[in-house]
Amino acid sequence: MTASSPAAIGRPHRLDVLIAGGGLLGGLLLWAMDLHGGPPRLGLPPALTLVALTTMSGAELLRRTAPLAALGIAVPALALDICAGTLVATVLMFTDVVYAAVLYGRAAAARRIPLYSVLVTVVAAVALTAAWQNPQVVMVVIGIALITIAPAWTGLIIRNHRDDAESARLRAEQTALLAEMDRTQAVAGERARMARELHDMVANHLSAIAIHATAAQSIDDPSATREALGVIRENSVQGLSEMRRLIGLLRDPKATTEYAEEPAATPTLDGLDALIAQARTNGASSGLTFALDDARHPDGTGPGPRTAAPVELAVYRIVQESLTNALKHAAPGEVRVRIAHDRGGALTVTVRSPFADRPGPRAPGSGTGLVGMRERTALLGGAFEAGPESGPAGRVWLVRAALPAAEEEEQR
């Protein structure tokens with residue numbers, strides 16, 4: 001506490017009580033042994049040193065709870081002690097009160113008291129030198145400095161060290177808090193990434209399985225049933241393979257299972273042809289056809305330029321999820337996927353699928369497909385839009401994403 005008003009003064013600290021009691025008892029012992037610092041001055045009775053001693057002990061009780069009030073009491077008590085005969089215990093307690101006023105007082109007082117102590121010492125030195133031209137003035141001035149400058153500047157040094165330690169502790173706590181926030185955000189981001197990957201890898205296969213299982217149950221045709229079961233088996237095997245690869249990535253890196261040691265292949269745009277072919281197989285029973293328009297090359301032929309791996313992965317997953325949504329919701333017709341570089345250098349992917357009111361989806365979904373595509377695009381600083389649109393061939397569902405795609409330099 002730094003307040004010195006009577007309403008703000010609380011109970012003295014137990015250490016302050018011990019200091020005050022010890023100083024008082026020590027002073028009384030010195031008085032009883034007739035160990036005074038010198039004869040009385042100004043004709044004051046020697047017994048007033050006991051009054052100064054008691055007053056200084058009372059100031060010591062306030063050294064921590066009201067340090068400035070304690071200093072205000074200690075200064076006249078010291079003056080009275082010096083004039084009445086001087087007890088060493090009183091002087092020592094005064095130095096402690098000065099020290100405490102700097103250490104526990106307000107910041108402004110902590111800056112001013114050391115300067116005032118220097119000023120008082122200098123004024124006393126000049127006055128004593130002018131009034132008492134004696135070499136002993138030097139010893140007196142040193143004594144004044146020891147009871148004013150020394151405790152004041154000692155308290156200031158310790159206070160500065162204490163403030164620096166407190167600042168370092170606060171910075172450490174802030175650093176730890178920021179690190180915990182970063183860790184929490186990293187965990188949340190990784191969970192979201194894992195959820196997107198799991199959804200994109202498995203949802204396509206499970207949707208195809210659900211669609212063809214429904215077809216096998218509703219169509220009384222052995223050949224159609226065998227074809228649907230073949231598609232179901234193919235998607236089951238591929239889905240299990242994707243799940244094993246994901247589990248291998250999530251396992252402990254020190255694990256020695258075959259899946260942990262298996263290299264994880266990152267999908268690229270070169271795999272879009274296989275993805276479209278798989279969609280044709282899965283969507284044939286629903287009256288859907290699929291086409292890929294790869295316009296990345298300047299003349300419209302051949303493979304397009306290589307782009308950064310994160311961009312290729314994002315485009316692949318966006319196409320994969322768009323095809324999955326088409327299998328679930330699109331009306332019979334052509335689903336067209338177009339990949340191109342726009343004039344600004346961004347890689348754009350557009351998926352158009354026939355859109356019509358349906359009683360319900362061909363297979364249930366989680367409703368997170370569009371969210372995942374939008375998140376993938378936002379993480380790379382791109383733009384994403386999805387929704388119905390009117391076109392020459394009727395209403396279509398349009399998915400469009402534009403991703404910044406700087407070309408990778410080939411290693412030569």
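Predicted model: local features only at pLDDT ≥ 70, side-chain atom pairs only at ≥ 80, totals over all residues.

Modeller: Helix α3 covers residues 67-84 and helix α4 covers residues 88-104, and the two pack with their axes 9 Å apart at an angle of about 155°. Because an angle over 145 degrees counts as roughly antiparallel, α3 and α4 are therefore described as roughly antiparallel to each other. The crossing of α3 past α4 is left-handed. On the α3 side the contact includes Pro 67, Ala 70, Leu 71 and Asp 81, while on the α4 side Thr 90, Phe 94 and Tyr 104 are among the residues that they meet. Sorted by class, this contact of α3 with α4 holds 13 nonpolar residues, one polar and one charged.

The UniProt record, an unreviewed entry, lists residues 68-101 as one of its transmembrane regions. In the model that span is 91% helix and 0% strand, and its end C-alpha atoms are 6 Å apart.

Elsewhere, five strands form an open sheet with mixed pairing, in the order β1-β2-β3-β5-β4. Strands β1 (288-295) and β4 (383-391) each have a single partner strand, so one side of each is left without a neighbour in the sheet. β1 runs parallel to β2 (residues 333-341), and eight bridges join them, while helix α9 (residues 272-283) lies across both strands at about 165° to β1.

Technical notes:
Residues numbered from 1 in each chain as written. Heavy atoms only, no water. UniProt positions renumbered as here; feature names shortened; annotations may be inferred. Helix = DSSP H or I, 4+ residues; strand = E, 2+ residues; numbered from the N terminus. Pairing = 2+ DSSP bridges. Contact = heavy atoms within 4.5 Å. Axes fitted to C-alpha atoms, helices over the stretch in contact; angles between N-to-C directions. Parallel < 35°, antiparallel > 145°, perpendicular 65-115°, else oblique. Left-handed = near helix turned anticlockwise from the far one by under 90°. Nonpolar A, V, L, I, M, F, W, Y, C, P; charged D, E, K, R; others polar.
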